[in-house]
Amino acid sequence: MSLITIKNLSLGYDAQALVEDLNLSINAGDYLCILGENGSGKSTFMKTLLGLQEPISGEILAGDGLKRSEIGYLPQQTVVQRDFPASVREIVMSGFLGRHGLRPSYTKEEKMQAKENMEQMGIADLADRCYRELSGGQQQRVLLARALCATRKLLLLDEPVSGLDPRATAEMYELIRDLNREGITIIMISHDIEAALNYASHILHIGDRVFFGTKEEYTGSKAGRLFLQQDLIRKEAEDE
């Protein structure tokens, strides 16, 4: 079943299009990775999906009863956000605020769900710790638990492993894969093409060439072959 349908979408800033006439459908249970060079429009696309930015033209249609308040979002963190002086529990619970309306307190069910999300992310023992005292990997687990308080349908993740060490990166990818196997649809921006091809079911490549399809189709496409070649050259240059 189509969770999101995108029709003739053009997006960018000040009527300057970064992506034009994009058409695709994201089905429930998909794991979509968004690839492309810096400045190609990946984050703009995600902000448009979230309703934080209006498209230049076209439309985004939600299916399967999906509401905007049922989308979990894990943005890239700024230095200020990493130093936020709140407890882990407070940050996780704030994931419910999007569907709270004017209700001033959390329900018993919400408190239980937050506890279960923290347990699932392996951070239950950190509930009373101050967020800014945690490692980068622990902070990302907290933010993922927070996003799960908003939804069990759709997660939007913007570079969720940025700045993490290799072990924390691998653990985060495994957590996201497990959530997808539970039926949560994943849309993730990534610069890690190897991880994208390992975990994703579908690829959206944004750039001079726009591609949408399965990861198998992507590796055989012109956009995929070129991006794989560029990634290999970049890694060889970093190793020198």
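Reader: How many residues make up the hairpin that joins β8 to β9?
Author: First, a heads-up: this is a predicted model, where local features need pLDDT of at least 70, side-chain atom pairs count only at pLDDT 80 or more, and totals for chains, interfaces and linings use all residues. Residues are numbered from 1 along each chain as its sequence is written, and side-chain values use heavy atoms, with hydrogens and water left out. Helices (H or I, at least four residues) and strands (E, at least two) are DSSP runs, numbered from the N terminus. The hairpin goes from β8 to β9 through 5 residues.

Reader: Which residue in β9 stands opposite L204?
Author: Look at strand β8 (residues 202-205) and strand β9 (residues 211-214), which pair in the antiparallel sense over 4 bridges; two strands pair if DSSP finds at least two bridges between them. I203 has G213 as its bridge partner in β9. For L204, the residue standing opposite is F212.

Reader: Which strands sit at the edges of the sheet with 6 strands?
Author: That open sheet goes β5-β6-β7-β3-β8-β9, with mixed pairing. An edge strand pairs on one side only, and here that applies to β5 (71-74) and β9.

Reader: How much are neighbouring strands of that sheet turned against each other on average?
Author: Follow the order β5-β6-β7-β3-β8-β9 across the sheet. Ignoring direction, each strand is turned against its neighbour by an average of 15°.

Reader: What is the radius of gyration of the protein chain?
Author: The chain has 9 helices and 9 strands. The globule rule (2.2 Å times the number of residues to the power 0.38, with the radius of gyration taken over C-alpha atoms) gives 18 Å for 240 residues, so the chain is as compact as a globular protein of that length, its own radius being 18 Å.

Reader: Which strands of the sheet with 3 strands are left without a neighbour on one side, and why?
Author: The order in this open sheet is β2-β1-β4, and the pairing is antiparallel. Two of these strands have a single partner strand each, so one side of each has no neighbour in the sheet: they are β2 (16-27) and β4 (57-62).

Reader: At about what angle does α1 run to β1?
Author: Helix α1 (residues 42-50) lies across β1, β2 and β4. Axes here are lines fitted to C-alpha atoms, for helices over the stretch in contact (heavy atoms within 4.5 Å), and angles run from 0 to 180 degrees between N-to-C directions. On that scale, α1 runs to β1 at about 125°.

Reader: How do α5 and α6 lie to each other: roughly parallel or roughly antiparallel?
Author: The axes of helix α5 (residues 136-150) and helix α6 (residues 166-181) come within 10 Å and cross at roughly 15°. Angles under 35 degrees count as roughly parallel, over 145 as roughly antiparallel, 65 to 115 as roughly perpendicular and the rest as oblique. That makes the pair roughly parallel.

Reader: Which residues in α6 does α5 meet?
Author: On the α5 side you'll find G137, Q140, R141, L144 and L148. Their partners in α6 are A168, E171, M172, L175, I176 and L179.

Reader: Which residues in α5 does α4 meet?
Author: The axes of helix α4 (residues 108-120) and α5 come within 9 Å and cross at roughly 140°. That makes α4 oblique to α5. From α4, the residues involved are Q113, A114, N117, M118 and Q120, and in α5 they meet A145, L148 and C149.
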